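Me: I'd like a close look at one part of this complex: the place where the second chain meets the first. Could you start there and then work outward to the rest?

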Amino acid sequence: MNTPHVQATILIILIPLMSSYAIPLLGWRWRGSAFFVALAAIGASTVCSFILLYTVLTQGTIHYHLGGWLPPWGIEYVIDPLNGFMGVAVCVISFLVTLSSKESVQKELPDKKVRFYTIYLLLFTGLMGIVVTGDVFNLYVFLEIASLTAYALIAIGEDGAPLASFNYIIMGTIGACFYLLGVGYLYIVTGSLNIADLAKLLPPLYHSKVVLIALAFFLIGTAIKMGLFPLHVWLPDAYTYAPSSVSTFIAPLMTKVMAYILIRVMFSVFQPSYSLEVVPLGVIMSWLAAAAILVGSIMALAQKDLKRMLAYSSVSQIGYIVLGVGLGNKMGLLGAYLHILNHAFMKACLFAVAMALMYRTGRRNIFQLGRIHRRMPFTIGALVIGALSMVGIPPTAGFFSKWYLILGSIDARNWFFVAVILISSLLNALYFFRVIENAYFEEKHGHLQEEAMTVVAGEREEVPLSMLIPIILLAAGILLLGLFNERIISGILVFALPPGF
Amino acid sequence: MSEYLIGKYNYWIYVVLMMIGFYAMMGKRNLVKKLIGMNIFQTAIILYYISIGVKKGGTLPVAMEGTLRAADYINPLPHVLMLTAIVVSVSTTGVALAVLLLIWRRYKSLEEDEILKSIR
Amino acid sequence: MIIQYENVIIKTICRLLIPFLQLYAIYVLMHGHYSPGGGFQGGVMMGASFILLVIAYGLEEARRRISIKTLTIYACLGLFIYSGTGACALLMGANYLDYGALPLPVAHVPKIRALGILSIEIGVFLGVMAIMICIFLAIASFDTEEKS
């Protein structure tokens with residue numbers, strides 16, 4: 001099976017990887033080429049991801065044997081509909097975010113561009129590697145590549161960034177080491193590291209305690225990396241103090257890819273009937289997720305800094321995804337998948353707006369926005385669409401994923417979760433509409449009016465086009481995803497469900 | 001009971017090492033001590049993997065003369081996996097040290113409570 | 001930060017040791033595919049030999065011989081050798097990193113696989129050596145210059 005379509009499986013990782021160490025060589029001579037090489041590499045990966053998704057949907061699961069060695073002796077890359085879908089989501093958002101990062105990097109980190117784009121491309125390679133691989137240890141390698149580059153990128157921000165990055169290093173390493181321990185326990189009892197092979201070898205061993213402990217280690221490790229409720233402490237600082245283009249890249253993508261790891265481990269390595277029932281894990285996960293939703297929304301209400309508010313909002317949205325996974329029925333899981341895609345678009349749009357605000361005004365305080373819609377109408381329009389989607393107002397995308405989650409909660413006869421989702425939508429409305437109100441109307445407090453931007457009526461000073469077009473495309477994407485969600489679900493996502501749902 | 005304690009002593013060693021590293025990461029206030037704790041934590045996991053590959057009467061996994069029987073050699077796969085884990089550990093230490101340098105340059109101190117006091 | 005010891009013993013011993021250390025590093029690299037060793041171990045030892053030079057003779061000696069820019073070039077070259085070997089296999093129509101498909105004029109397939117792994121190890125060796133020295137130089141010269 002060596003048609004060129006199948007080689008796209010390795011090209012999707014190889015092209016960004018080789019470009020990431022072509023950038024220092026080229027950047028030694030031509031400084032400005034770093035951005036274009038990065039953009040071209042991510043663009044090539046996006047094309048490959050579309051090819052892969054199309055091939056998977058028409059021809060079935062792709063198995064790619066690295067080095068020609070058959071599994072379980074060799075490493076294997078498996079693309080099934082869930083992978084293909086995640087690959088397309090990660091690639092498209094990375095492309096748009098990278099396009100918008102050019103001016104912001106030029107302004108905030110002017111003399112570090114070459115090294116910045118090197119590490120940036122390595123982060124993208126790590127994330128794509130996690131999505132594509134079919135081997136648990138290979139997943140750990142790519143997980144660590146993505147995490148290390150993220151630590152380095154977060155640390156070059158402004159005040160408080162190195163300490164936030166150090167906290168993230170400590171907690172993230174614990175998470176990754178727990179994942180490695182889980183892999184070790186599974187290797188002891190089965191002797192295999194391939195996901196498909198483990199799925200065949202594990203069911204006779206479900207009575208043993210080693211497999212149970214392996215599942216526990218996997219879940220805790222992934223929960224630390226995802227930022228699930230009690231283990232989310234590193235998330236607000238890391239997202240707030242990172243440079244703007246870094247937050248725009250990491251915030252939509254990293255936690256979603258970790259949620260993908262959770263889904264892979266729970267439903268492909270272990271059977272759903274085991275991982276949700278053996279301890280009442282589904283119940284525990286959904287209650288933790290409900291707590292995450294409420295705590296995230298309540299903490300976001302108390303913030304004055306736009307990026308910190310969005311970071312706490314991310315904590316709450318991860319709660320939605322884990323709620324969908326923990327419910328354990330078809331509607332809930334479809335809602336979780338759809339929410340991964342929707343939330344990635346929504347958060348990318350919102351963080352890109354925050355990046356644009358930082359670029360133009362140099363500040364992130366919500367209460368100092370003051371009538372900024374006169375200066376940046378398109379940007380604030382995108383903010384409005386993103387905010388409406390986070391609240392869950394049709395026809396934007398957020399409404400449909402919450403709809404499926406509510407349907408899943410009703411299927412599971414759990415009215416408390418329905419109430420939690422509705423209350424958190426209300427809280428989202430509270431803090432997002434506060435931002436919109438400050439952006440459209442003038443601040444009432446006298447002493448803040450001198451600090452707010454003084455605006456000449458009709459003057460327009462938008463961000464440069466290379467930042468504006470991705471913002472508009474992301475906002476349009478939110479609307480399109482909402483309108484076409486039925487096609488996405490019936491065309492792609494129902495094939496991504498594990499058997500038995 | 002003694003089968004638990006003595007027969008599986010490699011697991012006890014790795015658990016004790018891991019908890020020492022974990023305590024250093026959580027309980028100490030100096031950032032460099034936290035980093036050393038992280039290193040001990042990762043080393044404990046590396047030890048654990050190596051210890052699961054050992055066979056009774058097995059020798060180094062270098063192919064000797066004569067017929068090859070798998071029972072004669074210890075399992076080389078955990079060693080290969082742990083090469084990767086050692087590289088990851090070294091890289092994490094490198095990144096963490098660079099971040100510590102940034103912290104030192106900005107706050108002139110490496111104690112966590114002093115840094116937090118100077119941020120507030 | 002590197003204190004210069006005016007010590008004849010250390011300097012003489014380092015001068016005697018470093019060439020043997022580097023030779024041993026290359027030996028470990030070459031024998032990686034059928035005895036303990038390989039690219040990473042050899043690279044670390046080569047980097048350690050350089051760090052020994054810095055510790056014995058001071059930072060100026062190292063700055064005269066190599067700079068961080070050159071090290072970055074070495075690291076990228078090493079990684080290019082690695083991925084290039086794999087990509088060569090891609091160009092020949094087989095899967096990535098399938099050394100059996102490399103276009104080498106050697107008789108039978110296991111020999112080609114051994115040579116393929118050797119070129120991978122050389123790439124890793126160069127990369128690891130460069131990165132080890134680079135990390136050490138960057139941390140050691142931290143307080144003398146402003147860029148990190």
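Reply: Happy to. In the contact between the two chains, 25 residues of chain B meet 20 residues of chain A; two residues are in contact if their C-beta atoms, placed from the backbone, lie within 7 Å. On the side of chain B that touches chain A, helix H3 (31-51), helix H4 (77-107) and helix H5 (112-119) of chain B each supply at least two residues. Helices (H or I, at least four residues) and strands (E, at least two) are DSSP runs, numbered from the N terminus. H4(B) gives the most to this side, with 13 residues. By class, the side of chain B that touches chain A holds 19 nonpolar, four polar and two charged residues. Here Ala, Val, Leu, Ile, Met, Phe, Trp, Tyr, Cys and Pro count as nonpolar, Asp, Glu, Lys and Arg as charged, and the others, Gly among them, as polar.

Before going further, a word on how to read this. It is a predicted model, in which local features need pLDDT of at least 70 and side-chain atom pairs count only at pLDDT 80 or more, while totals for chains, interfaces and linings use all residues. Residues are numbered from 1 along each chain as its sequence is written, and chains are lettered from A and ligands numbered from 1 in the order in which they are written. For the complex, the predictor gives an ipTM of 0.93 and a pTM of 0.92.

Staying with chain B for a moment, Lys108(B) lies in the loop between H4 and H5 of chain B. Lys108(B) is not a glycine, yet its phi is positive, about 60°. With 10 C-beta neighbours inside 10 Å, Lys108(B) counts as exposed. A residue is buried if 20 or more other C-beta atoms lie within 10 Å of its own, exposed if 12 or fewer, and partly exposed in between, with C-beta atoms placed from the backbone.

Chain A also has a contact with chain C, which takes 15 residues from chain A and 16 residues from chain C. The elements giving two or more residues to the side of chain A that touches chain C are helix H1 (4-27) and strand S1 (62-65) of chain A. The largest share, eight residues, comes from H1(A). By class, this side of chain A has ten nonpolar, five polar and no charged residues.

In chain C itself, Met129(C) is worth a look. Met129(C) sits in helix H5 (residues 109-140) of chain C, and it counts as buried, with 27 C-beta neighbours inside 10 Å. Leaving aside neighbours within four places in sequence, Met129(C) is in contact with Gly43(C), Met46(C) and Gly47(C). Chain C averages a pLDDT of 83, and 92% of the residues score at least 70; pLDDT is the predictor's confidence in each residue, from 0 to 100.

Now to chain A as a whole. Its secondary structure comes to 20 helices and two strands. The radius of gyration of chain A is 22 Å, close to the 23 Å that the globule rule gives for 501 residues, so chain A is as compact as a globular protein of that length. The radius is taken over C-alpha atoms, and the globule rule is 2.2 Å times the number of residues to the power 0.38. Buried residues make up 61% of the 501 residues in chain A.

The axes of helix H13 (residues 306-327) and helix H16 (residues 397-411) of chain A come within 10 Å and cross at roughly 35°. Axes are lines fitted to C-alpha atoms, for helices over the stretch in contact, and angles run from 0 to 180 degrees between N-to-C directions. Tyr320(A), Leu323(A), Gly324(A) and Leu327(A) in H13(A) meet Leu405(A), Gly408(A) and Ser409(A) in H16(A). By class, that contact has four nonpolar, three polar and no charged residues.

Pro395(A) is found in the loop between helix H15 (377-391) and H16 of chain A, and a cis peptide bond with omega about 0° joins Pro394(A) and Pro395(A). Arg413(A), in the loop between H16 and helix H17 (415-440) of chain A, has a positive phi of about 60° although it is not a glycine.
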